[in-house]
Amino acid sequence: MTETTHIAEEGAAPACELIRAPLGLLAELTYRCPLQCPYCSNPLNMEKSPAELTAGEWGDVFQQAARLGVLQVHLSGGEPCLRPDLEDILKHAVAAGLYTNLITSGVTLTRDRLEGLAALGLDHVQLSVQDVDPEAADIISGYKGGAPKKREVARWVRELGLPLTINVVVHRHNIERLPAMIDYAVEVGAGRIEVAHTQYYAWALKNRAALIPTREQFKRSVEITNEARERLKGIIVFDVVAHDHYAVRPKPCMGGWGRNLIDITPTGKVLPCHACEGIPGIEIDNVRTKPLADIWIKGQSFNMFRGTSWMKEPCKSCERREIDWGGCHCQALSMTGDACATDPACELSAFHKDFAKLAEDEAAAPPPPFIYRRIGAYTEVKAAE
Amino acid sequence: MTETITRKRTMMGADSRPSLPKYIKLRHDPGRGRWVILAPERVFNPDDTAVAVLKLCDGTRTVADIAASLAAEYSAPVDEISADITAMLQDLSDKGVVTA
C-alpha cells in the first residue's frame, strides 16, 4: 500500500469552482527589515511609516481566519522580530488555535526572546540563509555579520526543541554553492530546506539581470537538488520553488488564486498574492473595513482569477488548467500586458521563447549592481533615472 | 560537517516505537469534518486508517503492538496490517511527521 492511500497532502484536492476554506495566512507584520536583499517580495513602493496593524487587530484577524478554516499562520514581514509586540501577536495566534510559523532572518533575535516565543507556543521557525559564504551573504543582504549570527540562531532553535526550516533563495551569485547550502541545512539540524529559486516579481524583477542564473547553472542546480533529495531521504525534507524563465510549464500561483492562501500586509490589505496590487482593475480590500470571510468569499480581488472561468486559450482547454491554474498573473501581465494571458513560463504561451531569451541574454551579460531593498529606494532610483 | 554523519534516516521495523513530535499536531478539523496533521509549512489529510495508527503512536507501543491492536479491532490478518502500517510509518517518518 502506498503513502497516497492513507495520507494526502492538503491543497492537492480535485478542483471545482466552489470556494474552499483557506489553509494558510501569511501575516506580514511589518515591511521594516534590517536586511536589504534585492530579491525581496515586498512591494517596491513600501510606505515609510505605515500605520501597521496593532497586536489587537492581528488578534481579531486570527480569530476570523480560524473561523474561516485557516489552520496555519506564517508570521512574516519584512522582519517580524522588529515588532516589539511580536509576543502579543503570537499569543493571539496561539489562542486562535493556529499552527504558528515564524519566518525570520534571525539577525535581531536573542536566545532569551526565542525561548520566550517557544514558551508561548511557537510551532516552527523558518530561518533565511542568504549564502554559506559569509562575505557573499553580507553583499547580497546589504547587512554585515549576518552569517555567524544565523548559525547561532539555528543552534538555539534546535536547542529549544523547535523544528527548523532553512530557506535559501537561489540566484546567480550563490547557485554554485547550492551543495554547500544543503550541507549547511543538514549540519544545523534543519528538518526541512526550501530551495527557492528567485521569483522575479517586485524587487527581484527590478534586479533580474543582477540575479538571474544561466540555463546551464539552473539545470545543474536541479540535478544537485534531485540527487540530494534522494540521498537525504528521511533526514531532511526538500521543498523547491521552481525557476520560471527556464520552466516548461508554470507553477500554480499561490497554489491557485483564492484557493489556499491569504496574504495580509502590515497595514491590513488582504491580497490573493504578494504582487497582485499592480494588476489593473483589481480592488484590494482591508481587514480594517471588512470582515475577512466577506473578503475571501465575495471580494473582487479573490474572485478575479478564482477557478477557471477567467481563462482564455490555451489555458481554457488545457488538461493542466486545474493543476497550474494558469500560472502567475503578474508575470503574464508584465510580459504580455494582459493579466489573463497564459503565464509566459508555459511553453504554450506565445511569449515563452522571448521570456526564456530575456533570461538567457541577461544571464550571459555581466551582472549589474544591485538596487537594494530599502523603504523609499525605488522612488529615489526612479527620480535619478 | 561531522554532524551530517550523525543524522541518519530512521528505518521503521516491528520493534520501532513511533511517536509524534510535539510540533506535529493531529487534530480533528470540525469545519472540514475531517482529521488533519499540522506540520511545519505542511497540512496532511490522513484517512481513517492513518488516524487509527497515529492515535496509537505514543512512543511506548511498538509497530508490532500497533499492528496487533488494529488486527484485533478490525479482525484482519496481522501480517497484512503489519506490512501496511510499517510502510505508512516509514513514509511518515521520511516526511518528518513521526519519529522513532
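Helices, taken as H or I runs of at least four residues, and strands, taken as E runs of at least two, are DSSP runs numbered from the N terminus. The structure discussed below is a predicted model.

1. Helix α14 of chain A covers residues 329-336, and its buried residues are A:H329, A:C330, A:Q331 and A:A332. These buried residues pack against helix α15 (352-364) of chain A. Just after α14(A), A:G337 adopts a positive phi of about 85°.

2. Overall sheet. Chain A contains an open sheet of 10 strands with mixed pairing, in the order β8-β7-β6-β5-β4-β3-β2-β9-β10-β11. The edges are formed by β8 (237-241) and β11 (285-286) of chain A; each has a single partner strand, so one side of each is left without a neighbour in the sheet.

3. Helix α2 on the sheet. Helix α2 (residues 55-68) of chain A packs on this sheet, where it touches β2, β3 and β9 of chain A. The direction of α2 makes about 165° with that of β2(A).

4. Strand β2 and its burial. Strand β2 of chain A, residues 24-28, is mostly covered, with 5 of its 5 residues buried. A:G24, A:L26 and A:E28 point one way from the strand, while A:L25 and A:A27 point the other way; all are buried.

5. Partners of β2. On one pairing, β2(A) joins strand β3 (residues 72-76) of chain A in the parallel sense over 5 bridges, and A:E28 stands opposite A:S76 of β3(A). Strand β9 (residues 261-264) of chain A also pairs with β2(A) in the parallel sense, over 4 bridges. In that pairing, A:L26 has A:D263 of β9(A) as its bridge partner.

6. Strands β4 and β5, with helix α6. Strand β4 (residues 99-104) and strand β5 (residues 124-128) of chain A pair in the parallel sense over 4 bridges. Within β5(A), A:Q126 is the bridge partner of A:I103. Helix α6 (residues 146-159) of chain A lies across β5 and β6 (164-170) of chain A and runs at about 165° to β5(A).

7. Cavities. How many cavities of 30 Å³ or more does the structure hold? There are 3 cavities of 30 Å³ or more, and the largest cavity has a volume of about 60 Å³. Its lining consists of A:P250, A:P314, A:C315, A:C318, A:R321, A:D324, A:G326, A:T342, A:C346 and A:L348. By class, the lining of the largest cavity comprises 6 nonpolar, 2 polar and 2 charged residues.

Technical notes
Residues are numbered from 1 along each chain as its sequence is written. Chains are lettered from A and ligands numbered from 1 in the order in which they are written. This is a predicted model: local features need pLDDT of at least 70, side-chain atom pairs count only at pLDDT 80 or more; totals for chains, interfaces and linings use all residues. Side-chain values use heavy atoms; hydrogens and water are left out. On a 1 Å grid over the protein atoms alone, a cavity is a set of points where a 1.4 Å probe fits but cannot get out, and a pocket is an open set with protein on both sides within 12 Å along at least five of seven lines; lining residues have an atom within 4 Å of a point. Grid points are joined across faces, edges and corners, and a volume is the space filled by probe spheres set on the points. Ala, Val, Leu, Ile, Met, Phe, Trp, Tyr, Cys and Pro count as nonpolar, Asp, Glu, Lys and Arg as charged, and the others, Gly among them, as polar. Buried means under 20% relative accessible area, exposed over 50%, partly exposed in between (1.4 Å probe, protein chains only). Two strands pair if DSSP finds at least two bridges between them. Contact means heavy atoms within 4.5 Å. Axes are lines fitted to C-alpha atoms, for helices over the stretch in contact, and angles run from 0 to 180 degrees between N-to-C directions.
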